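User: Could you take a close look at one part of this protein with me, and show me how it fits in with the rest?

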Amino acid sequence: ERALEAEMDNAEPPEIAQALAAAKAAAVSALHPDRLVLGSDSLVEVDGRRFDKPVSREQAEDHLRFFSGRAMTLYSAAALAREGRIVWIGSDFARLVVRDLSEDFIAAYLDLEWPAVSHCVGVFRIEGPGVHLFERIMGDQFTILGMPLLPVLDALRDEGALIA
């Protein structure tokens, strides 16, 4: 993932998220050509800076300090592949305004949520204590959970994987 992101350094976040989702779907599809494969990925951008999943608790603390009092844009993308080729790709975004976070809050939050949030871009699980990071959320809940689900469901119907 990081190598593909590095190659696309000048691309817009939605393009990068779509490319990552497509790469995942195509790679698995090549191993299972008889299946329709779904791949997905998410990126977070704050003040023009892209963030990946934190690799350590210290990095998670740094991310949360940077997010504090700022608006976060979360881009979620999904791709469908069959026989190793992409047959559909889509994305959506959400805006999440992070409240001012105290050092005490950051420490207590990570005491509770680390290492689970090490797998989460944005260092949060919205369905859990991560909701406490935000003062305002604008966007589809499925996109925030990491999947532009309604467009994916439409694509699955178009591909015959779901009843229309």
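Analyst: Contact here means heavy atoms within 4.5 Å, and helices (H or I, at least four residues) and strands (E, at least two) are DSSP runs, numbered from the N terminus. The model is predicted, so to speak of a local feature we need pLDDT of at least 70, and side-chain atom pairs count only at 80 or more, while totals for chains, interfaces and linings use all residues. Residues are numbered from 1 along each chain as its sequence is written, and side-chain values use heavy atoms, with hydrogens and water left out.

Let's look at helix 6, which spans residues 149-158. Its buried residues (under 20% relative accessible area, 1.4 Å probe, protein chains only) are Val152, Ala155 and Leu156. They sit on the same side of helix 6 because they cover an arc of only 100 degrees around the axis, taken from the directions from the axis to the C-beta atoms. What do these buried residues pack against? Their partners are strand 1, strand 3 and strand 4 (85-98). Just after helix 6 comes glycine 160, with a positive phi of about 80 degrees.

How values were computed
Buried < 20%, exposed > 50% of the residue type's maximum accessible area, 1.4 Å probe, protein only.
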